[in-house]
Amino acid sequence: MRLITRISVNTVCAMTLFGLAACGTDSPKETGPFAGVSGPEVVNKALTKTTEVKSLRIGLDMTTSDGRVEADFATSLRGDCTGTMTMGGTGTMEVRKTGDTVYTKLDEALLREQSKGEPKADVDAAVELIAGRWMESKASDPDTKDSIEFCDLKGLLKEFEAGDNAARKKGPTKVAGKPALRLTEKEGAETFTIDVSAEGAPYILRVASRGGEEPMTMNLSEFDVPVVAEKPAAKDIVDLEP
């Protein structure tokens, strides 16, 4: 069964978490914690273990029809979240979420990119007021929803459901210096890889796809590490009230 989800990012892109639908057998010379364990069993165990975390860090590098998207977020089930997102390689947005309160900060490049087509005087005024300063809103506000997609850890973990997967074991690898087992699948022109930690808990460490329309690499780390999201200093928060 192929596992695929798409999560919109600030209304400009979507990401495919992963797809696995191949089959494979174990090498008789295989050693390590997954020796004698089939590819599907490794994947299901990793999916189950990953969904049990209360916090993690997710890094995404994806090419979409709207350009390149890079994101790096630490998020928790408690609702605390911090991260940055770069879209199209032209600008960056920073996010802090504490409970139901969200703080976002856009740099000048992103503000000008999002304001293309508007009168120059209006754009210059917005840049002068907002660029490099935090804006405060509620997580429940419709205009805020798209900026905190990666802060919804519960929603993200729902996509990591164990199922009737069959994955081909390719052998040992390393992710950020940590030993891992790599599994692969090829579907048409697209190749998927998933790296599972071979040290400690069998968390999913990396998922990547190549050869498709939206190639991407997603890294997971800092499992159950507390997320600290602090309210910005009052002087750095812009007052948008009329």
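# A guided tour of the predicted model

Begin by selecting Leu56, Phe73, Met85, Leu183, Ile204, Met218 and Leu220, which touch the most other members among the 49 residues of the largest nonpolar core. A nonpolar core is here a set of buried Ala, Val, Leu, Ile, Met, Phe, Trp, Tyr and Cys residues joined through side-chain atoms within 4.5 Å, and buried means under 20% relative accessible area, with exposed over 50% and partly exposed in between (1.4 Å probe, protein chains only).

This is a predicted model, in which local features need pLDDT of at least 70 and side-chain atom pairs count only at pLDDT 80 or more, while totals for chains, interfaces and linings use all residues. Residues are numbered from 1 along each chain as its sequence is written, and side-chain values use heavy atoms, with hydrogens and water left out.

**The whole chain**

Show the whole protein chain as a cartoon, where there are five helices and 11 strands; these are DSSP runs numbered from the N terminus (helices H or I, at least four residues; strands E, at least two). Of the 242 residues of the chain, 45% count as buried. If contact is taken as heavy atoms within 4.5 Å, residues 24 or more positions apart account for 53% of the contacts in the chain with a separation of 6 or more.

**Leu183**

**The aromatic pairs**

Next come the aromatic rings, where rings of Phe, Tyr and Trp (its six-membered ring) pair if their centres lie within 6.5 Å, and where planes under 30 degrees apart count as stacked, over 60 as edge-to-face and the rest as tilted. By this rule the count comes to two aromatic pairs. Select Phe73 and Phe150, whose ring centres are 5.4 Å apart and whose planes meet at 25°, so that the pair is stacked. This pair links distant parts of the chain, since Phe73 is in strand S2 (residues 67-76) and Phe150 is in the loop between helix H4 (142-145) and helix H5 (153-158), 77 residues apart. Phe73 counts as buried at 0% relative accessibility, and Phe150 likewise counts as buried, at 1%.

Move on to Tyr203 and Phe223, where the ring centres are 4.0 Å apart and the planes are at 15°, so this pair is stacked. Tyr203 lies in the loop between strand S9 (190-197) and strand S10 (204-210), and Phe223 in the segment after strand S11 (216-221), so the pair ties together parts that are 20 residues apart in sequence. Both Tyr203 and Phe223 are buried.

**The disulfide**

Now select Cys81 and Cys151, which a disulfide joins with an S to S distance of 2.2 Å; a disulfide is a pair of cysteine sulfur atoms within 2.5 Å, and the structure holds one. With -70° about the S-S bond, the link of Cys81 and Cys151 is left-handed. Cys81 is in strand S3 and Cys151 in the loop between H4 and H5, 70 residues apart, so that the pair links distant parts of the chain. Cys81 is buried, with a relative accessible area of 0%, and Cys151 counts as buried at 6%.

**Two side-chain polar contacts**

Stay in strand S3 (residues 81-87) and select Thr86, which is buried with a relative accessible area of 19%. A polar contact of 3.1 Å joins the side chains of Thr86 and Thr92; the term covers a pair of N or O atoms within 3.5 Å, where within protein one must be able to donate a hydrogen and the other to accept it, and where residues adjacent in sequence count only if both atoms are side-chain atoms.

Then select Ser137 in strand S6 (residues 134-138), which counts as buried at 18% relative accessibility. The side chains of Ser137 and Thr144 are joined by a polar contact of 2.9 Å.

**Positive phi**

Finish at Ala176, in the loop between strand S7 (168-175) and strand S8 (178-187), where phi is near 55°, a positive value in a residue other than glycine. Ala176 counts as exposed at 74% relative accessibility.
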